[in-house]
Amino acid sequence: MDADPVAEDVTGGQPVGVAIVDDHPVVIDGVRAWLAGEPRLRVLATGDDPDVVLRAAPDAEVVLLDLRLHGRMVLDKLAELSAAGRRVVVYSEHTDPETMLAALDAGAVAFLAKHEGREHCVATVLAAACDRPYVPPALAGALVGDPRPDRPALSDKEREALLLWFQSMSKASVARRMRISEHTVKQYVDRARIKYTRAGRPAATKAALLARAIEDGLVRPEDIGIYRSQASADRPTP
Amino acid sequence: MSTESGAVAAGTAARPAVRQRAPERADPGVAEAAAHAVADASDRGARIVAVIIALAWHLAVGLPVLLGSWSRLAAPPVVAAGWLVTAAIGGAAGVRLLRGGLPPARPLAAALLVVDGTVFAAAGERQLFTTANWVWGGLAWFFLLVLWRRPLGWLLALLGAHATIALVAVALHGVTTPADLSRYAMYVYGTSSLPVAVFAGAAAIAALARERAGTAAAALAVAAERDAAERARRERQARLALVSGTAEEVLAALATGDADPADPAVRRRAVLAAARLRRLIAESDDVPDPLLHELRAAADLAERNGLPIELVAVGAPPELPVEVRRRLVDPPTAALADARGWARLTVVAGPDEVVVGLVTPDHEGPDATGPPGGGGDGPVEHLHERDGEIRWTQTRWRRT
């Protein structure tokens, strides 16, 4: 069960500011403890109300958001934050594929199942901070099993990589199975994720993910069609 | 690293120790067929009545007056020929109707209109409004036969054409006094209203029967679905009680200090209880799919033997033949018997593809399943692989 080594070039040495929104103090404390072991991350504020938390930490680069706050699914709040350019990593115990896909559609940078553990949590937050995708196994399952007729068209390799990553939770094993390098496995998985930036309503976070993917050479602008100009225009200045 | 791949031959894989029967799901096709059967039965009764009315009218009313007024008709053989043609059309349409088919509406309707015009012309001016002009009242019943189960509008159009032919005949024969015209109107009304009523009535009864049978079938399907859901719910409650018991024991022991969180045995009990709870929570289907049901049974069994196992299913599997389901389930089930440490069982299902994956840590020791048997055919592909890190069993069905 390995998480990816994540890019080191996060905001030039400065730790990434994280805000945690959850209505269970025990979860907040747990996640804070997870992130505390990672020097590249710093928790700036926590609480059970996204507005209050973000007023306390307006500079937070990543928001870890529990999708269910006080008994209500806060997909609308997620969409609002994403539209405003907030990089939201949703983490939730609701891991049915519909919920995960709805969160991506609403503009979440990543979706993390609560049981997926520290490594995935840290890797996801670090990737989100630099607008890079991170696809934990549960999300890979939701993407490969997406039944919607208007789902993004994935290539055979992308589908296979998602499927095997979902099954095995080991990129090394997927690489051996597909007879490609781990790096290529990650590329297939990430590319599939990037294709989902076209699903659902547009959001600044999606545009940022896409722009970074183009910059990284993960996808080519001509693969993306109409989205290119929008992406470049919407890209927040670093 | 060893890799063996190929389709499993029937019977080579070890049989799972437990195979529970999945609750049956109501088949919507059967219910629909029943609804059709009821509707057809009631439609058949109406067909018999319509055929009897048309032919009885033609023979018992039309024929005697035709013969009785033979000498008074302008061209008796032509009128008689029309009668015969109509009888032939009625006979053919009747046979077709009683055999459950529908007569060819357009050609027969056109033929009837030709007969209509011909008889009006051949009956002559003096017989125009007498019973000897049998097309007035008798022909409408044949319209009914040839237009059976067609839209009511078609019948009205045909009756309209009939009325127009009669009006033209009335005009050409020069019988256009107000008394004649009102007589004409009464004839048209009198001879059309009853067939229209019968036609509309038959259609309404058939529709009603179909609707009723459909409702009954739907109610039956709902009841069956509810039964299965209820059974699944009870089953889940029983498991929840079991899980809660285990979890409570662990928690209570931790709370009283009898169990040490650092003790590997205690941790293992906690992990098992948590895995079982998580799987229970993940079950979102009201009526369990047979494939998932079998996999859950296998997972439960492995867990009772002390193996923490995670079962994650994405998508709803389509209806699969028993043989396909067996080939999907048996290899991972057999591999589970050999698993050490933990196991992750996954299902990704779509309408055209179902993939079952089992991943467990690799360990020394042989595979329980052995290399899969020969026979590369069949729609289920089986792959078993060890790479030193994990053991990976995958079965994949693709719609061919």
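This is a predicted model: local features need pLDDT of at least 70, side-chain atom pairs count only at pLDDT 80 or more; totals for chains, interfaces and linings use all residues.
Let me begin with one pair of residues: in chain A, Ala19(A) lies opposite Ala45(A), and Ala45(A) belongs to strand 2 of chain A.

Strand 1, which covers residues 16–21 of chain A, is mostly covered, since five of its six residues are buried. If we now step back to the sheet, we find five strands of chain A in the order 2-1-3-6-7, forming an open sheet with parallel pairing. Its edges are strand 2 (41–47) and strand 7 (110–113) of chain A, each of which pairs on one side only. Ignoring direction, neighbouring strands of this sheet are turned by 25 degrees against each other on average.

Elsewhere in the sheet, strand 3 (residues 62–66) and strand 6 (residues 87–92) of chain A also run parallel, and here five bridges join them. Within this pairing, Val62(A) stands opposite Arg87(A) of strand 6 of chain A. On the sheet packs helix 3 (residues 75–83) of chain A, which touches strand 3 and strand 6 of chain A and whose direction makes about 155 degrees with that of strand 6 of chain A.

Let us turn to the nonpolar core. Which residues touch the most other members of the largest nonpolar core? That core has 109 residues, and the ones that touch the most other members are Val18(A), Leu64(A), Val89(A), Val90(A), Ala108(A) and Val125(A). If we take Val125(A) and leave aside its neighbours within four places in sequence, we find that Val125(A) is in contact with Val16(A), Val18(A), Leu41(A), Val62(A), Leu64(A) and Val89(A). There is also a second, separate core of 44 residues, and among its members are Val51(B), Ala54(B), Phe120(B) and Ala166(B).

Asp131(A) is not a glycine, and yet its phi is positive, at about 60 degrees; Asp131(A) lies in the loop between helix 5 (117–129) and helix 6 of chain A. Arg179(A), which is not a glycine either, has a positive phi of about 55 degrees, and Arg179(A) is placed in the loop between helix 8 and helix 9 of chain A. Are these two buried or exposed? Asp131(A) counts as buried because it has 22 C-beta neighbours inside 10 Å, where 20 or more are needed. Arg179(A) counts as exposed because it has 7 C-beta neighbours inside 10 Å, and the limit for exposed is 12 or fewer.

Ala207(A) is part of helix 10 (residues 204–215) of chain A, and Ala207(A) is buried because 22 other C-beta atoms lie within 10 Å.

Next comes helix 7 of chain A, residues 156–168, whose 13 residues reach 18 Å from the first C-alpha to the last, close to the 18 Å expected at 1.5 Å a residue. Its buried residues include Glu158(A), Leu162(A), Trp165(A) and Phe166(A). What do the buried residues of helix 7 of chain A pack against? Within chain A, they pack against helix 6 (137–144), helix 8 (171–178) and helix 9 (182–195), and in chain B against strand 3 (343–349), strand 4 (353–361) and strand 6 (390–398). Helix 7 of chain A is followed by Met169(A), which has a positive phi near 55 degrees.

That brings us to the contact between the chains, to which chain A and chain B each give 18 residues. On the side of chain A, the elements that give two or more residues are helix 6, helix 7 and helix 8, and the residues on that side divide into eight nonpolar, seven polar and three charged.

Let me finish with each chain as a whole. Chain A has 12 helices and seven strands, and 49% of its 238 residues count as buried. Chain B has nine helices and six strands, with buried residues making up 34% of its 400 residues. Among contacts with a separation of 6 or more, residues 24 or more positions apart account for 65% in chain A and for 79% in chain B.

Methods. Residues are numbered from 1 along each chain as its sequence is written. Chains are lettered from A and ligands numbered from 1 in the order in which they are written. Helices (H or I, at least four residues) and strands (E, at least two) are DSSP runs, numbered from the N terminus. The expected span of a helix is 1.5 Å times one less than its number of residues. Two residues are in contact if their C-beta atoms, placed from the backbone, lie within 7 Å. A nonpolar core is a set of buried Ala, Val, Leu, Ile, Met, Phe, Trp, Tyr and Cys residues joined through C-beta atoms within 7 Å. Two strands pair if DSSP finds at least two bridges between them. Axes are lines fitted to C-alpha atoms, for helices over the stretch in contact, and angles run from 0 to 180 degrees between N-to-C directions. Ala, Val, Leu, Ile, Met, Phe, Trp, Tyr, Cys and Pro count as nonpolar, Asp, Glu, Lys and Arg as charged, and the others, Gly among them, as polar.
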